[in-house]
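Please open the model in your viewer and keep the selection tool at hand.

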Amino acid sequence: MPPTLPEHCRSCAAPLANPDFQGPREHYCKYCVAPDGAVKPRAEARAGIRRWMIQAWRLPEDDPTLERRLDDYMNAMPHWGR
Ligand SMILES: [Zn+2]
């Protein structure tokens, strides 16, 4: 048996092994899914990832690289990539 890799949210890469991130839908964290189980629209998910980036990376709200980094990050996600 090959080793099983820990799974990450297909929208934002949150670690799903952590119960704090588990929500109503398989393969997605609770922050990217509405209570009815639908994945949130791109703009809404983007706003959530934006808040996380500012906090986790200690970026200022008006960091000139923030919007581009957000788009790059989301385009690397299985759910949003294109
Ligand atoms: Zn997520």
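Begin by selecting Arg-46, Arg-50, Glu-61, Glu-67 and Asp-71, which are linked in a network of salt bridges; a salt bridge is a side-chain nitrogen of Lys or Arg within 4 Å of a carboxyl oxygen of Asp or Glu. The model is a predicted one, in which local features need pLDDT of at least 70 and side-chain atom pairs count only at pLDDT 80 or more, whereas totals for chains, interfaces and linings use all residues. Residues are numbered from 1 along each chain as its sequence is written, and side-chain values use heavy atoms, with hydrogens and water left out.

**First stop: the salt bridges**

The structure holds five salt bridges. Side chains of opposite charge can pair when their charged atoms come close. Select Glu-67 and Arg-46, whose side chains form a salt bridge at 2.9 Å, N to O. Glu-67 belongs to helix H2 and Arg-46 to helix H1, 21 residues apart; helices here are DSSP runs (H or I) of at least four residues, numbered from the N terminus.

Is Arg-46 buried or exposed? Arg-46 is buried, with a relative accessible area of 19%; buried means under 20%, exposed over 50% and partly exposed in between, with a 1.4 Å probe and protein chains only. Glu-67, at 33%, is partly exposed.

Now select Arg-50 and Glu-61, which meet in a salt bridge of 3.3 Å, N to O. Arg-50 is in H1, and Glu-61 is in the loop between H1 and H2. Glu-61 counts as exposed at 53% relative accessibility.

**Second stop: helix H1**

Select Ala-45, Ile-49, Met-53 and Ile-54, which are among the buried residues of H1. What covers the buried residues of H1 includes helix H2 (66–75); move on to Arg-58, which follows H1 and has a positive phi, near 55°.

Finally, select the zinc ion with Cys-9, Cys-12, Cys-29 and Cys-32, whose SG atoms coordinate the zinc ion at 2.3 Å. Donors are N, O and S atoms within 2.8 Å of the metal (3.2 Å for Na, K and Ca). The site is tetrahedral, with angles of 103 to 115° among its four donor atoms; four donors count as tetrahedral if all angles lie between 85 and 135 degrees. Cys-29 is buried, with a relative accessible area of 0%.

Definitions and conventions:
Tetrahedral: all angles 85-135°; square planar, octahedral: opposite > 155°, others 65-115°. Helix = DSSP H or I, 4+ residues; strand = E, 2+ residues; numbered from the N terminus. Contact = heavy atoms within 4.5 Å.
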